[in-house]
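My entries follow in the sequence in which I checked each part.

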Amino acid sequence: MPDPDPSAFNLAAYVLAAGRARPDHPALEVLGGDTRLSHADLASAVSRMAGALRARNLPQGARILLRLGNSPAFPIAFLACAAAGLVPVPTSAVLTTAEIGPMADRLAPALVLADEPTGNLDEATGDAVLDLMLETVAEHGAGLMMVTHSDRLAGRLDRRLHLRAGLVV
C-alpha cells in the first residue's frame, strides 16, 4: 500500500482498506470470547456508526469522549469517529468520577460515547457516575450516547432506543 498523503490521511480509511482484498477474513476477534468480525463486518459496523455520528451534525474535528471498555465497541467507535472527521479521545472506562470530571472539563467533548458505564457499580455509585456524565454533557452542550441494561438509568435519559439482536426495535 503506498504511503498516504498526510494532508488527506484518514486513519479509518487506511485501516479498513487493508481488508478489502480479503473481506471474509478475520479483522477483529475477542480472545476468550465468541465475538469475531470479518473485514467486511468491521467495515459495515464502522460505516453505520460513522453515519450515525454524521447525522448528529457535529462540526469536523469535534472531540468525542470514548468511555468504552475492552470490547468490539471500542475499535468500531474509534474508527467511526475518524471516518466521520471527528477526533476520538479514548479514556479508560475504569476512571473514577474524580478523575474523569476534570479531564472532560478540559476536553469539552461534543459527544460522550459510553458502554455500560455503571454496569459493575452499586446503585448509589452508578447514580453518581450518571449524574457526573449528565452534568458534563450539559455544561458543554454535548450529547451522550450510552448503552445500559438498567431500565432505571435509561429512564433518566431524554431519548431511548431499544436493541434486539442488533436491531433497533
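Which order do the four strands of the open sheet have, and is the pairing parallel or antiparallel? I read the order as β4-β3-β5-β6, with parallel pairing. I take strands (E, at least two residues) and helices (H or I, at least four) as DSSP runs, numbered from the N terminus, and two strands as paired if DSSP finds at least two bridges between them.

Basis of the entries. The model is predicted, so I note that local features need pLDDT of at least 70 and side-chain atom pairs count only at pLDDT 80 or more, while totals for chains, interfaces and linings use all residues. Residues are numbered from 1 along each chain as its sequence is written, and side-chain values use heavy atoms, with hydrogens and water left out.

I then checked β3 and β4, which pair in the parallel sense over five bridges. Ile64 has Pro88 in β4 as its bridge partner. Helix α5 (residues 123-140) packs on the sheet, where α5 touches β5 and β6. The direction of α5 makes about 150 degrees with that of β6. For such angles, axes are lines fitted to C-alpha atoms, for helices over the stretch in contact, and the range is 0 to 180 degrees between N-to-C directions. Contact means heavy atoms within 4.5 Å.

Hairpin. I find β1 and strand β2 (residues 36-38) running antiparallel, joined by three bridges. Glu29 is bridged to Arg36 in β2. The two strands form a hairpin with six residues between them, and Gly32 in the turn has a positive phi of about 80 degrees.

Arg22 lies in the loop between α1 and β1, and I find Pro23 in the loop between α1 (11-17) and β1 (26-29). How exposed are they? Arg22 counts as partly exposed at 48% relative accessibility, and Pro23 is partly exposed at a relative accessible area of 35%. The cut-offs are under 20% for buried and over 50% for exposed, with partly exposed in between (1.4 Å probe, protein chains only). The C-alpha atoms of Pro23 and Ala40 are separated by 4.7 Å, though the residues are 17 apart along the chain. For Arg22 and His39, also 17 residues apart along the chain, I note 7.1 Å between C-alpha atoms. Leaving out residues up to four places away in sequence, Pro23 touches Ser38, His39 and Ala40.

Helix pair. The axes of helix α2 (residues 39-54) and helix α3 (residues 73-83) come within 8 Å and cross at roughly 55 degrees. I therefore record α2 and α3 as oblique to each other, oblique being what remains after under 35 degrees (roughly parallel), over 145 (roughly antiparallel) and 65 to 115 (roughly perpendicular). Residues of α2 in the contact include Leu42, Val46 and Met49, and those of α3 include Ile76, Leu79 and Ala80.

Around α3. Which residues of α3 are buried? I list Ile76, Ala77, Leu79, Ala80, Cys81 and Ala82. Their cover includes α1, β2, α2, β3 (63-67), β4 (87-91) and β5 (111-115). Gly85 follows α3 and has a positive phi, near 80 degrees.
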